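Have the 3D view open and follow along as you read.

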Amino acid sequence: MRNLLIVLATIVISPIIGGLIAGIDRKITARMQNRFGPPILQPFYDVVKLFSKESIAVSNSQFLYVILFFIFNIVALILFVLKMDLLLILFILAFAITALILGAMSTKSPFSRIGAHRELISMLAYEPILIAVVVGIYFVVGSFNIDKVLETKKMLFVELPLVFFAFSYVLTIKFRKSPFDLSTSHHGHQELVKGITTDFSGPMLGLIEIAHWYETVLLLLFVYLFFANNLFIAIIAIVACYFAEILIDNISARLTWKIMLKLTWSIALSAALVNLIWVYLKYRA
């Protein structure tokens, strides 16, 4: 019964939090660009407006892939709050983004397909880092289960500073912010063509937006894991981390996918591997 209540609360509260984060993001972005900006609740108004529009599918299979993207993101977040296996959560997240890519590939639009190809390349960049995060946690805690991670008295950030740096680095890709907003963008400054979401409209685009809100909450909970033994520090870290993403988004221009891969593998992945070797020798050798 307790788990059922947790699941229901997660399904209801998470998109509210994610939508508010998106609204605050747009507000701060506007102020950084010397604009007043939309109200914080604007993302909710946008989604309601999308659901009021007629559903037009370019491809017959589009709606199925969007539903899968939506459900997999919710399932991944539910598994996290139920303190399940981190590896399983990563796999489900990978299934979610794969469904969105297949949805974009199911249309004949060249812009949609280019966006899908860029999302695949983005996966090549960030997936090794996400796996490094989970492996690093396993080396320190001895388990992939989140309940064991929360039981440990160690602050993971102290043991895995370079892994946290690498994770923060790829958050820019996962949040689709500059300079790595290659497949699509949440803001107007670089969205002449919406990339992977070009051929989604109406309720389908609304579901994709809500799924992104679930994904945002889940990624910020991963930040929480690194500081889980001190809630106050964890909240400060989450706020600082997201603010840094907004700042970077506003002061950098989009890079090419080649530069993204080179920088991610040479800087972020190398840093994560050095940290992994260190904690392996310390705890598992």
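Before we sort any residues, here's the rule: Ala, Val, Leu, Ile, Met, Phe, Trp, Tyr, Cys and Pro count as nonpolar, Asp, Glu, Lys and Arg count as charged, and the others, Gly among them, count as polar. Keep in mind that this is a predicted model. With that rule, the lining of the second largest pocket splits into 23 nonpolar, two polar and two charged residues.

**The second largest pocket**

- This pocket has a volume of about 570 Å³.
- It is lined by 27 residues, and the ones closest to its centre are Ile17, Val217, Leu220, Leu221 and Ile238.
- Which elements give two or more residues to this lining? They are helix H1 (2–32), H3, helix H6 (146–151), H9 and helix H10 (231–251).
- H1 gives the most to the lining, with 10 residues.

**The cavity**

- How many cavities of 30 Å³ or more are there? The count comes to one.
- About 50 Å³ of space lies in the largest cavity.
- The residues lining the largest cavity are Glu119, Ser122, Tyr126, Ile173, Lys174, Arg176, Phe180, Leu182 and Ser183.
- H5 and H8 each supply at least two of the lining residues, and H5 gives the most, with three.
- By class, this lining has four nonpolar, two polar and three charged residues.

- Some background first: most residues other than glycine have a negative phi, and most peptide bonds are trans.
- Now look at the bond joining Ser178 and Pro179: this peptide bond is cis, with omega at about 5°.
- You'll find Pro179 in the loop between helix H8 (161–174) and helix H9 (202–225).
- Arg176 also lies in the loop between H8 and H9, and it has a positive phi of about 60° although it is not a glycine.
- Is Arg176 buried or exposed? Its relative accessibility is 5%, so Arg176 counts as buried, since the cut-off for buried is under 20%.
- Lys83 is another residue other than glycine with a positive phi, near 65°.
- Lys83 sits in the loop between helix H3 (62–81) and helix H4 (86–105).
- Lys83 has a relative accessible area of 40%, so it is partly exposed; that label covers values between 20% and 50%.

- Asn73 is found in helix H3.

**How H4 and H5 pack**

- Two packed helices are described by the angle between their axes and the distance between the axes.
- For H4 and helix H5 (residues 110–141), the angle is about 175° and the axes are 10 Å apart.
- That angle makes H4 roughly antiparallel to H5, because angles over 145 degrees count as roughly antiparallel.
- Sorted by class, the contact of H4 with H5 has 16 nonpolar, three polar and three charged residues.

Notes. Residues are numbered from 1 along each chain as its sequence is written. This is a predicted model: local features need pLDDT of at least 70, side-chain atom pairs count only at pLDDT 80 or more; totals for chains, interfaces and linings use all residues. Side-chain values use heavy atoms; hydrogens and water are left out. Helices (H or I, at least four residues) and strands (E, at least two) are DSSP runs, numbered from the N terminus. Buried means under 20% relative accessible area, exposed over 50%, partly exposed in between (1.4 Å probe, protein chains only). Axes are lines fitted to C-alpha atoms, for helices over the stretch in contact, and angles run from 0 to 180 degrees between N-to-C directions. Angles under 35 degrees count as roughly parallel, over 145 as roughly antiparallel, 65 to 115 as roughly perpendicular and the rest as oblique. On a 1 Å grid over the protein atoms alone, a cavity is a set of points where a 1.4 Å probe fits but cannot get out, and a pocket is an open set with protein on both sides within 12 Å along at least five of seven lines; lining residues have an atom within 4 Å of a point. Grid points are joined across faces, edges and corners, and a volume is the space filled by probe spheres set on the points.
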